[in-house]
Amino acid sequence: KRRVKTGAIRPLTALNEARHIKLVSKLELGSLQLSDIGPSDLERLLRDLEEHLDGKRRAQQQAFQVVRCAMRAAPRGTWAMSPLEGIQPPKAPRPVTG
């Protein structure tokens, strides 16, 4: 709500972020403590997102951005090496031009 009020994001963007947070929390990753999340958990999350979001690449990318943002906000020293290291996030489809 604060980000919408300050104009940092649009209301629809905030609604989409909230929807993605809710989805991620329902998947297996949501039951883990932040410090217990590893690369294999993130790879499983990407597979789960693909299944739950029915191949909608942009929605998968947005949901993964929510996870990445949360992990980047974790206190320093949570992991020896970030679980995001080496993980390729979903790529949004390129716009069709022409």
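What share of the contacts in the protein between residues at least 6 apart in sequence join residues at least 24 apart? With contact taken as heavy atoms within 4.5 Å, the share is 56%. The structure is a predicted model, in which local features need pLDDT of at least 70 and side-chain atom pairs count only at pLDDT 80 or more, whereas totals for chains, interfaces and linings use all residues. Residues are numbered from 1 along each chain as its sequence is written, and side-chain values use heavy atoms, with hydrogens and water left out.

The protein contains four helices and zero strands, and its elements follow the order α-α-α-α from the N terminus. Helices (H or I, at least four residues) and strands (E, at least two) are DSSP runs, numbered from the N terminus. Of the 98 residues in the protein, 30% are buried; buried denotes under 20% relative accessible area, exposed over 50%, and partly exposed the range in between (1.4 Å probe, protein chains only). The protein exposes about 7,200 Å², of which carbon and sulfur atoms supply 52%.

Helix α3 (residues 39-52) and helix α4 (residues 57-72) have axes that come within 9 Å and cross at roughly 150°. Helix α3 is therefore roughly antiparallel to α4. Axes are lines fitted to C-alpha atoms, for helices over the stretch in contact, with angles from 0 to 180 degrees between N-to-C directions; those under 35 degrees count as roughly parallel, over 145 as roughly antiparallel, 65 to 115 as roughly perpendicular and the rest as oblique. In this pair, Leu42, Leu45, Leu46, Leu49 and Glu50 of α3 meet Gln60, Ala63, Phe64, Val67 and Met71 of α4. The residues of this contact comprise eight nonpolar, one polar and one charged, where Ala, Val, Leu, Ile, Met, Phe, Trp, Tyr, Cys and Pro count as nonpolar, Asp, Glu, Lys and Arg as charged, and the others, Gly among them, as polar.

Gln60, located in helix α4, has a relative accessible area of 2% and is therefore buried. Leaving aside residues up to four places away in sequence, Gln60 touches Leu49, Glu50, Leu53, Gly55 and Pro90.

Leu23 belongs to helix α2 (residues 11-26) and is likewise buried, because its relative accessible area is 15%. Beyond residues up to four places away in sequence, Leu23 touches Leu49, His52 and Leu53. The C-alpha atoms of Leu23 and Leu53 are 9.4 Å apart in space, although the two residues are 30 apart in sequence.

Gln88 is found in the segment after α4. With a relative accessible area of 58%, Gln88 is exposed. A distance of 9.4 Å separates the C-alpha atoms of Gln88 and Leu46, which are 42 residues apart along the chain.

Definitions and conventions:
Accessible areas come from the Shrake-Rupley method with a 1.4 Å probe; for residues, only the protein chains shown count as cover.
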